[in-house]
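Visitor: Hi, could you walk me through this one? I'd like the overall picture before the details.
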Amino acid sequence: MPFANLKVPAGTLTAEQKEELVTKVTDLYCETFGDAVRDNTMVLVDEVADGGWGIRGEVLTLAKLQS
């Protein structure tokens, strides 16, 4: 079963954008592995709490991302 776990900062995507991600990632898996995997492809969009992640040793917040 193909599985994708996308982690995004909480509050940055609308419901429509999440739906688009799920659709496009599923389509990409089908292009890669064949359409037979469509029924078993799972895409999980996890929203990470503000300040709950970082890069290069720096904790990121929504305010930092938007500046």
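Predicted model: local features only at pLDDT ≥ 70, side-chain atom pairs only at ≥ 80, totals over all residues.

Visitor: How many helices and strands is that?
Guide: Two helices and four strands.

Visitor: And what is the radius of gyration of the chain?
Guide: The chain has 15 Å, whereas a compact globule of 67 residues would be near 11 Å. Its C-alpha trace spans about 40 × 25 × 15 Å along the principal axes.

Visitor: What share of the residues is buried?
Guide: Buried residues make up 19% of the 67. One of the buried ones is T26, because its relative accessible area is 11% and the cut-off for buried is under 20%.

Visitor: Where is T26, and what is it in contact with?
Guide: T26 sits in helix α1, residues 15-33. Setting aside neighbours within four places in sequence, T26 touches R38, T41 and V43.

Visitor: Switching to the surface: which residues form a nonpolar patch?
Guide: M1, F3, M42 and L44 do, with about 420 Å² of accessible area together. M1 belongs to the segment before β1 (3-9), and M1 counts as exposed because its relative accessibility is 71%.

Visitor: Which residue other than glycine has a positive phi?
Guide: R56 has one, near 55°. R56 lies in the loop between β3 (53-55) and β4 (58-60) and is exposed, with a relative accessible area of 75%.

Note on methods. Residues numbered from 1 in each chain as written. Heavy atoms only, no water. Patch = residues over 30% accessible without salt bridge, like charges linked within 9 Å, V, L, I, M, F, W, Y side chains within 5 Å. Areas by Shrake-Rupley, 256 points an atom, 1.4 Å probe, with all protein chains shown as cover. Salt bridge = Lys/Arg side-chain N within 4 Å of Asp/Glu carboxyl O. Buried < 20%, exposed > 50% of the residue type's maximum accessible area, 1.4 Å probe, protein only. Contact = heavy atoms within 4.5 Å. Rg over C-alpha atoms; globule rule 2.2 N^0.38 Å.
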